[in-house]
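I opened a notebook page for one protein model. The entries below follow the order in which I looked things up.

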Amino acid sequence: MNRKLSPFLLVMPGLAWWLIFLIIPCGLVLAYTFMERGTYGGVIPNFNLDNLVRAFNGLYLEIFLRSARIALEASVVALFIGYPAALAISRVSRRWQMPLLFMVILPFWSNYLIRTYAWIVMLNRTGMVNQALMSTGLISEPLNLLYTEASVVVGLVYSYLPFVILTIYASIQRLNPELSEASEDLGASPWKTLTRITLPLTMPGIAAGGVFVFVLSIGNFVTPQLLGGGRMKMVGNLIQDQFTAARDWPFGSALALVLITIMLALLAMQGRVQQRIRNVEKEEEVA
């Protein structure tokens, strides 16, 4: 009897955590979506679809599209930076790989807000970036780098770049080194080996890293608020405003439900693509 119960007892803490901090909150968000806001805030249990219809209004749809565009820009930039970094780490000797990976995750040891405020210090008109550009003579007066869409993208890339590097590094490490050696033996240049062997075979890591950055960026509200100065309102800021300033919990829940659905759809698509790639690889191995 003890042997039969032991697996359930071991999994109970994880299931309880999952239930309390994921299932119940998501269930409340789903329930509030179909309710009404009270006159002075609060929630009135009157079932309707008005909040979901309102969420797809032109104004809010524009904010969703802007958020998706900024998240996509952050994902692309993070991939362009992260792939060469992961490739470089995988090519150095093994004794240096762990220290380099440690440096990649080192920013996570500091508070997220502190790292974001550091970018405010660096990007303002008297910050390090403007001072460096002026000292080299590239510009004659300070640039308005802060409170722009570019500054928001920079903050998002800096925050989530380690996820890209780690996922791509793990994908590169799983490659069979004999494939690259065979490509070089057949006369292929390093660039051809990279583009025709390494890059296609590491697409699962690229897709995983890109989706991670996109999903985390589209719902972010701290970085747009601080580095965007409130001008770059994203869907995360809109949801925050509904729960705090407007006290419209049902509409905020509807927006959150739409955002969660988008995130789950992206994660499901990523998982499906990775599964198809694995199936193709297995078929090729059997052949």
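**Entry 1**

I began with Arg69, which counts as partly exposed at 38% relative accessibility. The cut-offs I used are these: buried is under 20% relative accessible area, exposed is over 50%, and partly exposed is in between, with a 1.4 Å probe and protein chains only. Glu73 also counts as partly exposed, at 28% relative accessibility. I found both Glu73 and Arg69 in helix α3, four residues apart, about one turn of the helix. Arg69 and Glu73 form a salt bridge, with the closest N and O atoms 3.7 Å apart. The term salt bridge stands for a side-chain nitrogen of Lys or Arg within 4 Å of a carboxyl oxygen of Asp or Glu. I then noted that salt bridges with shared partners join Arg69, Glu73 and Glu149 into one network.

I wrote down what I was working with. This is a predicted model, in which local features need pLDDT of at least 70 and side-chain atom pairs count only at pLDDT 80 or more, while totals for chains, interfaces and linings use all residues. Residues are numbered from 1 along each chain as its sequence is written, and side-chain values use heavy atoms, with hydrogens and water left out.

**Entry 2: other salt bridges**

How many salt bridges does the rule give? I got a count of five. One of them joins Arg66 and Glu62, whose closest N and O atoms are 3.8 Å apart. Arg66 and Glu62 are separated by about one helical turn, because they sit four residues apart in helix α3 (residues 58–91). Glu62 is partly exposed, with a relative accessible area of 45%.

I looked next at Asp248 and Arg54, whose side chains meet in a salt bridge (3.1 Å, N to O). Asp248 is in the loop between α12 (235–243) and α13 (249–286) and Arg54 is in helix α2, so this pair ties together parts that are 194 residues apart in sequence. Asp248 counts as buried at 9% relative accessibility, and Arg54 counts as partly exposed at 34%.

**Entry 3: the chain as a whole**

I counted 13 helices and two strands in the protein. Both are DSSP runs numbered from the N terminus: helices are H or I with at least four residues, strands are E with at least two. Of the 287 residues, 34% count as buried. The C-alpha trace spans about 75 × 75 × 40 Å along its principal axes.

**Entry 4: aromatic rings**

I found 10 aromatic pairs in the structure. Rings of Phe, Tyr and Trp (its six-membered ring) pair if their centres lie within 6.5 Å; planes under 30 degrees apart count as stacked, over 60 as edge-to-face and the rest as tilted. Phe34 and Phe47 make a stacked pair, 5.4 Å centre to centre with 20° between the planes. Phe34 is in the loop between α1 (2–33) and β1 (36–37), and Phe47 is in the loop between β2 (43–44) and α2 (50–55), 13 residues apart. Phe47 is exposed, with a relative accessible area of 64%.

I also looked up Trp119 and Tyr158, an edge-to-face pair at 5.6 Å centre to centre and 70° between the planes. Trp119 is in helix α5 (residues 112–123) and Tyr158 in helix α7 (residues 149–173), 39 residues apart. Is Trp119 buried or exposed? Trp119 is buried, with a relative accessible area of 18%, whereas Tyr158 is partly exposed at 31%. Lastly, I noted that Phe108, Tyr160, Phe163 and Phe212 form one aromatic cluster.
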